[in-house]
Protein chains: 2
Amino acid sequence: MAVTCPHNPEVNCTDCRMNSLCLPIALELDEVERLNQIVQRGRPLQKDSHVYNVADEFSAIYAVRSGSIKTYNVSDQGAIQVTGFFLPGEIFGIDGIAHTHYVSAAVAMETSAICEIPFSRLEELSMTMPSLQRHFFKLMSKEITNDQQLITLLSKNSAEERVATLLLSISSRNAKRNLSSLRFRLPMSRADIGNYLGLTVETVSRVFSRFQKQGLLEVDKKEIEIKDIDALQELSNI
Amino acid sequence: MAVTCPHNPEVNCTDCRMNSLCLPIALELDEVERLNQIVQRGRPLQKDSHVYNVADEFSAIYAVRSGSIKTYNVSDQGAIQVTGFFLPGEIFGIDGIAHTHYVSAAVAMETSAICEIPFSRLEELSMTMPSLQRHFFKLMSKEITNDQQLITLLSKNSAEERVATLLLSISSRNAKRNLSSLRFRLPMSRADIGNYLGLTVETVSRVFSRFQKQGLLEVDKKEIEIKDIDALQELSNI
DNA sequence: CGACGCGTTGAATGTTGTCAAACCGAGTGG
DNA sequence: CCACTCGGTTTGACAACATTCAACGCGTCG
């Protein structure tokens with residue numbers, strides 16, 4: 001049992017139950033083992049502690065093993081923009097590539113464990129493992145796609161549509177991790193949601209209340225139960 | 001004279017007056033020549049014709065030689081989101097990397113000439129030219145940075161702030177191309193601006209009128225003269 | 001216990017979107 | 001040559017949605 005506990009720093013890539021999410025599917029067993037060799041697993045991070053901060057030197061990319069991470073940018077004027085939420089099995093920190101220093105920051109939203117993958121060693125490794133190289137390009141590309149979807153969301157959609165879309169995103173990502181897609185706990189605060197979606201805290205709160213009144217959701221602080229996923233999808237799709 | 005005309009397909013990278021913008025600075029003369037060998041220059045594109053479209057096979061990245069290009073995404077529901085405007089010397093089409101097919105589209109906003117750089121040959125070339133490889137990573141990274149800046153703009157800024165920021169962006173990019181930073185012609189329509197900035201055409205138009213009334217701009221259709229760049233910067237910075 | 005962070009709710013305000021009309025310049029056909 | 005249409009743009013009146021400001025509830029922690 002201990003070996004599969006996500007907080008356990010001893011767990012290796014082969015046994016990690018997230019490996020289907022963060023590793024390329026095509027990897028052979030011995031390749032996973034070689035990757036495993038370079039992955040560094042520290043002890044759990046406390047809530048609100050930084051994985052990296054703006055202007056930190058870029059040296060690694062990260063995978064969430066347990067808990068949850070948010071990333072944010074700081075504009076020249078000091079405005080904070082949350083750019084992503086990352087759940088177990090997901091990769092973050094790729095935007096630092098090609099800069100020598102991070103332009104964003106990453107913090108734990110709750111007690112979390114992460115895997116650190118030194119970038120230089122990953123580069124070496126991908127020279128001899130084409131599927132890793134490809135996977136890695138896909139990750140950068142996915143980052144761009146994600147950002148552009150967020151741009152569309154912010155640019156074209158109402159508060160209700162934005163919140164519905166975020167809830168469905170978390171729902172489907174939970175499903176991938178074999179968790180319930182209809183009942184889950186939001187790791188982030190209302191302020192984080194608002195910041196991410198370009199809304200004020202009050203608006204986010206009101207949307208949750210409205211959804212509850214309309215029977216789409218059951219909301220208890222951060223606990224969410226989706227009661228009418230079709231209606232949410234309807235909202236998210238229009 | 002003919003050799004420096006930007007529409008001329010015969011002009012090569014060494015002589016192109018945009019080369020300081022689209023090529024890495026560190027390239028040796030003979031390296032430029034090797035790159036020049038793989039660049040394909042077609043005849044000019046007409047206004048509104050596509051460089052590539054959604055679902056086209058990804059095979060190359062592009063540089064603007066003359067004219068201007070816009071890129072846009074199409075959401076599942078068919079909504080169009082303009083994601084970028086590209087001026088001479090700028091590179092576009094990088095978001096197709098790591099997908100086999102484009103997820104976005106690129107169209108000429110006016111008669112334009114472009115350089116096509118086949119991706120597979122660029123990959124080969126960068127194996128032997130470290131500075132090209134690095135430059136190339138920077139481009140992907142810049143795409144992410146740009147997108148995230150747009151996210152912040154859409155998420156946190158008012159209509160006036162968004163328009164001011166776009167104008168200043170074009171102004172400074174013109175300066176890099178040795179054109180006037182205070183007097184220029186906008187290549188894109190009001191509708192494109194609105195789509196890009198998450199505003200309606202009417203709002204964009206009103207903001208231009210207001211800026212003119214306040215003496216920040218002189219607007220004549222697409223011709224713009226910046227009268228008070230400090231005031232614009234003030235707006236863009238807050 | 002009180003202070004504090006976080007979330008919710010209410011009322012008023014304001015910015016932006018919507019709808020409608022008109023303008024302008026370019027191109028077309030009578 | 002003029003009247004016409006058409007696309008892009010501007011402007012106005014109005015409505016709607018989100019923000020702002022304010023107050024309050026609730027749980028946690030010192």
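**View 1. In chain B, B:Ile61 and B:Ile117 are bridge partners.** B:Ile117 belongs to strand β8(B). This is a predicted model; local features need pLDDT of at least 70, side-chain atom pairs count only at pLDDT 80 or more, and totals for chains, interfaces and linings use all residues. Residues are numbered from 1 along each chain as its sequence is written, chains are lettered from A and ligands numbered from 1 in the order in which they are written, and side-chain values use heavy atoms, with hydrogens and water left out. Strand β3 (residues 60–66) of chain B pairs with strand β8 (residues 113–118) of chain B. The pairing is antiparallel and runs over six bridges. Two strands count as paired if DSSP finds at least two bridges between them. Strands are DSSP runs of E with at least two residues; helices are runs of H or I with at least four, and both are numbered from the N terminus.

**View 2. Strand β3(B) also pairs with strand β6 (residues 91–92) of chain B.** Two bridges join these strands, which run antiparallel. B:Ala63 has B:Ile91 in β6(B) as its bridge partner. How many of the seven residues of strand β3 of chain B are buried? Seven of the seven are, so the strand is largely enclosed by the rest of the structure. Buried means under 20% relative accessible area, exposed means over 50%, and partly exposed lies in between (1.4 Å probe, protein chains only). In a regular strand, side chains alternate between the two faces of the sheet.

**View 3. A:Glu90 and A:Arg173 form a salt bridge.** Their closest N and O atoms are 2.8 Å apart. A salt bridge needs a side-chain nitrogen of Lys or Arg within 4 Å of a carboxyl oxygen of Asp or Glu. A:Glu90 sits in the loop between β5 (80–86) and β6 (91–92) of chain A, and A:Arg173 in helix α5 (residues 159–176) of chain A. The pair links distant parts of the chain, 83 residues apart. A:Glu90 is buried, at 18% relative accessible area. A:Arg173 is buried too, at 16%.

**View 4. B:Arg210 meets B:Glu160 in a salt bridge.** The N to O distance is 2.6 Å. B:Arg210 lies in helix α7 (residues 201–213) of chain B and B:Glu160 in helix α5 (residues 159–176) of chain B, so the pair ties together parts that are 50 residues apart in sequence. Is B:Arg210 buried or partly exposed? B:Arg210 is partly exposed, with a relative accessible area of 36%. B:Glu160 is buried, at 18%.

**View 5. B:Arg185 and B:Glu223 form a salt bridge between two strands.** The closest N and O atoms are 4.0 Å apart. B:Arg185 is in strand β9 (residues 183–185) of chain B, and B:Glu223 is in strand β11 (residues 223–226) of chain B. They are 38 residues apart. B:Glu223 is partly exposed, at 35% relative accessible area. In chain A, salt bridges that share partners join A:Arg183, A:Glu225 and A:Lys227 into one network. Over all chains, a search of the whole structure finds 12 salt bridges.

**View 6. Chains A and B are related by a two-fold axis.** The copies are superposed by least squares on C-alpha atoms of residues with pLDDT of at least 70 in both. Of the interface residues of chain A, 100% are also interface residues in chain B, so the copies meet through the same surface. Contact means heavy atoms within 4.5 Å.
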